Amino acid sequence: MNPSFCGNASTQCIAAGIPISHCRFSLSIVRSLYMSLFNKKANQDDHIDRISDLPSNVIDGILEHLSIRDLVRTSILSTNWRYMWTSVPTLKFQGRSFLPDDHLNYPSPVVSKIITDVLMLHNGPIYKFNLLIPYGCSFEITLECLNTWIPFLSRNVKHLELVNNGTYLDKMPYIVFSCKELTKFRFGGFNLSIPPNFSGFKRLLNLQLQMVTFESGALESLISGCPLLEKLRIEYCHGFEYFHISTPTLKVLSLVFDKNMKSICLKKAQNLSDLTLMANDGWVPGLIKSLPKNMQRFCCIASFSDKKNVFADIIPPTLLKSSFNSIKYLRLANVILNERRELLYIVSVLKSAPCLVELDIQNYSLVDVAQPPDHSEELECRSCCLNQLKTVNIKIRATSNQDAMSLIRFILATSTSLKTLTFDVGLGSQKLDALVLLSISQDLLLMKRASQRAEVKFLH
C-alpha cells in the first residue's frame, strides 16, 4: 500500500478485509485510525470505541508493524490502550526505530536499559524479537546484555534476530541455544562456538548467518542440529573453507563467500530447489564439486577482480546435464560475454536446461561497444530447442556488440515459446552513437524467430 495513506484509508483497508501485513503503519496513522473509528456515533448521545473492539489478532497485527517507540506511545490513545503494548507478541529494536538519528551514539548502557525496561514491563509471551543495530551506531550487543534478555524470550520466542553491525565482536553466549521453539533465527556480528550439550534447534526452518566467525566445526554442528531446516543463508562468514552440506530437508540456499572458499559440495542436499551463489572477491577454479539434481532456480553472481576466470571455471561442464535438467529460472551476473569461451559455455548451459522458462544475464565488462556486427561465426543452434523459455533479460555495460547479438540471435532462433526478450545496454554504459543504435535495432528486427509471438525490446 502507498506509504502516504491516511487514517481513512486505513479504516477502509480493515473494513475491506485487506491483510494488515500489506499496510505500512506509524503512530500518526494508528491515532488517525483510532479517532476515525471512535468518532462514529452509535446514536446521538453515545460513542463506541470500535478499534478497541477489534479482534485481538487484528490489533496485534497493527501494533507489530510499529517501531518500538511508536508502539509504547500508543498508551496515550485511551485508558484501554494504556497497557495494550505490553502484551504485543512482537518487539522490534531496529537502530533508528527506537532511537532518534541524533542519538545514534547514545552510550550503550542507556540503550541496554531501554531494552531491559521494555522486556521487564512486557506482559505475555514474546514470539518475535528483533534487535538490529545499524552501521554507525555505537551501541553494541554484549554478552552481559544477552544474558539479561534471553531469559525473557527463551520459553516462547519463535523468530529471533540478533544482528550487531557495530565494531565490537563478541562470542555468542550459550544461553541463546536455550531457545528451543525457534522456527527462524538470524544473527550476525558474533563469534560462534557450539556448547557441548547442544541438542539442536528441532523446530528451526529458516537460518540466516551474517558476518559470523565460526570456531572449528561450529557451522557443521549447527546445521546438523536443525533436522527440519528449509532455508539457509550464509553471508560474509568466516572460519570454514569447505561447504559440504547433507541436509535432506533444505530447499533454499544462499551462499555469499570470498576467495578463501575452496570447495562446495551439494550432492546430498537432495531437495534443494533454489540456489544462489555469490563470490565477493573471486573464487578458485573447480570450486563447485557437485550440485543437486532437482534445482528449479539457480542464481550465480561472480565478482572477478582479475577478469581471468569465467563461468566455465566455476561450474564444470560435466555438471550441467545432471544438475540443470530441471532448471526453470537461471540468472548469471557478471558474465564476460566478449570472451568466446564464456559465450560458448552459456550456449552449453542453455542446451542442458530444457525446462528453462526465464533467463537473466548481466554483463559488466567494459569493452568497445561500437564494433561492427560480424556474423561470420554464428553459434550452433540446430541441435538445441528451448521449448519452455518465455522471458529473457540481457543487461550489458558496454559489451561487445558482436557477442551479445550472437547470443540473442541464438536465443531467438531456438526458443519456440518465447514471449519477451529485453536487450538493455543502459547499465552504466557510455552514450552510444545514433548509428550504432540504429544498426543494433535493424539487426534485432531482421533476426529469425522460432516464436511468432516473440517481442524484442531494445533499451538504451
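Q: Two strands count as paired if DSSP finds at least two bridges between them. What makes S1 and S2 a pair?
A: This is a predicted model. In it, S1 and S2 are joined by 4 bridges in the parallel sense. The rule asks for at least two, so the two strands pair.

Q: Why is strand S2 (residues 128-133) called mostly covered?
A: Of the 6 residues in S2, 5 are buried. A residue is buried when its relative accessible area is under 20%.

Q: Is Thr86 buried or exposed, and how do you know?
A: The relative accessibility of Thr86 is 8%. The limit for buried is under 20%, so Thr86 is buried. Thr86 is found in the loop between helix H4 (68-73) and strand S1 (90-93). Setting aside neighbours within four places in sequence, its contacts are Leu121, His122 and Asn123.

Q: What makes Arg73 and Asp70 a salt bridge?
A: The N to O separation between their side chains is 3.6 Å. The limit is 4 Å, so the pair qualifies as a salt bridge. Both residues belong to helix H4, where they are 3 residues apart, which is about one helical turn. With a relative accessible area of 38%, Arg73 is partly exposed, whereas Asp70, at 15%, is buried.

Q: How do you know that Glu181 and Arg203 form a salt bridge, and where do they lie in the chain?
A: Glu181 lies in the loop between strand S4 (170-171) and strand S5 (184-188), and Arg203 in the loop between strand S6 (190-192) and strand S7 (206-210). The pair thus links distant parts of the chain, 22 residues apart. Glu181 has 24% relative accessibility and is partly exposed; Arg203, at 46%, is partly exposed too.

Q: Why can the pair Glu241 and Lys262 be said to tie together parts of the chain?
A: The side chains of Glu241 and Lys262 meet in a salt bridge at 3.3 Å, N to O. Glu241 lies in the loop between strand S9 (231-235) and strand S10 (242-244), and Lys262 in the loop between strand S11 (252-257) and strand S12 (263-265), so the pair joins parts that are 21 residues apart in sequence. Glu241, with a relative accessible area of 34%, is partly exposed, and Lys262 is partly exposed at 41%. In total, the structure holds 7 salt bridges.

Q: Why is the pair of Phe198 and Phe201 called edge-to-face?
A: The ring centres of Phe198 and Phe201 are 5.3 Å apart and the planes meet at 65°. Centres must lie within 6.5 Å, and planes over 60 degrees apart give the name edge-to-face, so both conditions hold. Phe198 is buried at 17%, and Phe201 is buried at 0%.

Q: What makes the pair of Phe240 and Phe243 tilted?
A: The planes of Phe240 and Phe243 are at 50°, with the centres 6.5 Å apart. Phe240 is buried at 13%, as is Phe243 at 3%.

Q: Which residues form one aromatic cluster?
A: Phe177, Phe185, Phe187, Phe198 and Phe201 form it. The structure has 10 aromatic pairs.

Q: Where does Arg297 lie relative to Tyr329?
A: Arg297 lies over the face of Tyr329, at 4.2 Å from the ring centre.

Q: Which residues touch the most other members of the largest nonpolar core?
A: They are Phe129, Phe187, Phe243, Phe324 and Phe423, in a core of 127 residues. Helix H11 (residues 401-414) gives the largest share of this core, 7 residues. Beyond its neighbours within four places in sequence, Phe423 has contacts including Ile394, Ala404, Leu444 and Phe458. In soluble globular proteins, nonpolar side chains tend to be buried together.

Terms used: Residues are numbered from 1 along each chain as its sequence is written. This is a predicted model: local features need pLDDT of at least 70, side-chain atom pairs count only at pLDDT 80 or more; totals for chains, interfaces and linings use all residues. Side-chain values use heavy atoms; hydrogens and water are left out. A nonpolar core is a set of buried Ala, Val, Leu, Ile, Met, Phe, Trp, Tyr and Cys residues joined through side-chain atoms within 4.5 Å. Buried means under 20% relative accessible area, exposed over 50%, partly exposed in between (1.4 Å probe, protein chains only). Helices (H or I, at least four residues) and strands (E, at least two) are DSSP runs, numbered from the N terminus. Contact means heavy atoms within 4.5 Å. Rings of Phe, Tyr and Trp (its six-membered ring) pair if their centres lie within 6.5 Å; planes under 30 degrees apart count as stacked, over 60 as edge-to-face and the rest as tilted. A charge sits over a ring if NZ of Lys or CZ of Arg is within 6 Å of the ring centre and within 35 degrees of the ring normal.
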